[in-house]
Amino acid sequence: MTTTGSVPANRANSGPAPSRCPLCTCELSLAPDGYTGVASCPSCGFDVSQLSETRRKPTAAESKAATAALDPLDRWLAGETIEPTCLSDRERATNWLRRHPRVTGLAVVLLVASVVIPVASLVGYARTAEALRRATIERDSAMQERLDLSAVVVQKVDELKLHEVRQQSELHQRQELEKRLHALHTNYEQSRQQCLAADQRLQDALRAARLSMAEDFTRQAQELQQGLPEISLVLAAKALSITQQEGMPPIPTALQQVRDLLAPTDGMELRGHDGPVAQLAASRDGSWLASGDHQGLIRLWSTTSRAGLESPRLLDGHWGRITQLVFTADNRSLVSSSTDSPVHLWKLDAANSNKVGGNGVIGNIAGGGTAPLLL
């Protein structure tokens with residue numbers, strides 16, 4: 001049934017409104033112009049505004065279908081009997097819900113809640129299950145890591161124990177080595193002391209041998225003093241040189257022989273060296289004397305004249321201490337050696353030096369003819 005909630009604006013084609021409601025017979029208030037002032041019945045809520053509109057009665061020429069299509073109110077106003085419409089349960093429920101909007105809203109809310117809550121619960125359950133699954137996986141992983149770490153800790157403990165055992169073994173070996181080293185050091189010190197003692201005995205033996213050699217030279221000088229005065233002078237000078245090198249006082253007999261053999265020079269002192277004299281030598285004919293010091297300088301004295309004794313000739317060619325001085329058998333050359341290895345051959349007429357190579361310290365020089373071997 002079609003109803004309106006307002007009074008139609010076109011009243012020219014409308015008739016006067018009824019004074020009572022056709023449904024509940026409630027009296028309606030009318031306006032001064034004869035039209036109703038309300039749109040619906042205050043008692044039953046019927047829309048009375050439609051009664052003021054022009055109602056056309058259906059003609060006989062209209063078909064039954066057209067009559068059935070008319071508004072039920074028009075058909076009722078035309079005098080037809082209105083039969084109640086059979087509504088289905090769904091339509092009844094729909095109409096009931098329309099008449100009770102609050103209950104309908106509450107039902108909708110409950111329906112939505114009954115759908116949303118299970119869905120939310122299902123989603124929450126799914127998420128919770130997923131979180132529980134992940135937590136279980138993480139717990140299993142943590143448990144596995146814990147087991148792995150426990151195994152690693154056990155392995156490290158075993159390695160630490162093994163390392164301690166090795167360290168104890170190494171410490172024991174170190175102590176043994178220290179004991180052996182101490183024993184070796186003790187043996188070394190004993191050997192060193194023995195070597196020092198042996199060296200000292202050797203030095204003493206060498207010193208005694210050299211002193212004995214000086215005494216032999218002195219004795220030979222005494223024996224040759226009459227027949228070979230030049231050789232006697234050389235031997236006596238060599239004996240004095242040995243005693244000087246050993247730091248011993250000169251042998252009185254040798255010193256007296258040197259003085260006696262040099263008496264023709266009126267006891268003249270031969271000066272020229274700045275330090276101790278290391279070696280002395282005389283030619284076979286007694287015309288030449290040679291002396292060498294620790295600075296490597298050689299002085300050559302001519303005994304044939306006083307000027308030769310006062311102004312000796314300087315032979316500079318060595319860098320180390322003079323170790324040997326020997327005149328050749330022909331009394332024309334002087335051979336010298338020192339600790340710097342080279343051997344020098346000096347011509348007495350010009351005192352020129354001819355070097356003879358050597359790789360070590362020259363300890364011995366042998367003169368030609370009957371010249372003695374000087375050490």
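Gln324 has Ser337 as its bridge partner in strand 6. That pairing belongs to a set of 5 bridges that join strand 5 to strand 6, and the two strands run antiparallel. Keep in mind that this is a predicted model.

- Strand 5 covers residues 322–327, and its antiparallel neighbour, strand 6, covers residues 333–338.
- How many of the residues of strand 5 are buried? The count is 6 of the 6, so strand 5 is largely enclosed by the rest of the structure.
- There are 5 residues between the strands of this hairpin, and Asn331 is where a positive phi turns up.
- Asn331 sits in the loop that links strand 5 and strand 6, and its phi is about 60° even though Asn331 is not a glycine.
- Why give that angle a second look? Most residues other than glycine have a negative phi.
- Asn331 is in a loop, yet it counts as buried because its relative accessibility is 15%, and the cut-off for buried is under 20%.

**A buried serine in another loop**

- Ser287 is in the loop between strand 1 (277–282) and strand 2 (288–293).
- Is Ser287 buried or exposed? With a relative accessibility of 13%, Ser287 goes down as buried.
- Which residues does Ser287 touch, leaving aside those up to four places away in sequence? They are Trp301, Ser302, Thr303 and Thr304.

**A nonpolar patch on the surface**

- Val108, Leu111, Val112, Val115, Val116, Val119 and Val123 make up a nonpolar patch on the surface.
- Together, the residues of this patch have about 570 Å² of accessible area.
- Val108, one of the patch members, lies in helix 4, which spans residues 101–224.
- The relative accessible area of Val108 is 44%, so Val108 falls in the partly exposed class.

**Salt bridges**

- Across the whole structure, a search turns up 7 salt bridges.
- Arg192 pairs with Glu189, and their closest N and O atoms are 3.1 Å apart.
- Arg192 and Glu189 are separated by about one helical turn, because they are 3 residues apart in helix 4.
- Both partners are partly exposed: Arg192 has 32% relative accessibility, and Glu189 has a relative accessible area of 24%.
- Salt bridges with shared partners also tie Glu130, Arg133 and Arg134 into one network.
- Arg133 and Glu130 are both in helix 4, with a spacing of 3 residues, or about one turn of the helix.
- Arg133 is partly exposed at a relative accessible area of 43%, and Glu130 is partly exposed at 29%.
- Arg139 and Asp140 bring their side chains together in a salt bridge of 3.8 Å, N to O.
- In this pair, Arg139 is exposed, with 55% relative accessible area, whereas Asp140 is partly exposed at 42%.
- Why does Arg139 count as exposed? Its 55% clears the cut-off, which is over 50%.

Technical notes: Residues are numbered from 1 along each chain as its sequence is written. This is a predicted model: local features need pLDDT of at least 70, side-chain atom pairs count only at pLDDT 80 or more; totals for chains, interfaces and linings use all residues. Side-chain values use heavy atoms; hydrogens and water are left out. Buried means under 20% relative accessible area, exposed over 50%, partly exposed in between (1.4 Å probe, protein chains only). Helices (H or I, at least four residues) and strands (E, at least two) are DSSP runs, numbered from the N terminus. Two strands pair if DSSP finds at least two bridges between them. Contact means heavy atoms within 4.5 Å. Patches are made of residues with over 30% relative accessible area and no salt bridge: like charges are joined within 9 Å, nonpolar side chains (Val, Leu, Ile, Met, Phe, Trp, Tyr) within 5 Å. Accessible areas come from the Shrake-Rupley method with a 1.4 Å probe; for residues, only the protein chains shown count as cover. A salt bridge is a side-chain nitrogen of Lys or Arg within 4 Å of a carboxyl oxygen of Asp or Glu.
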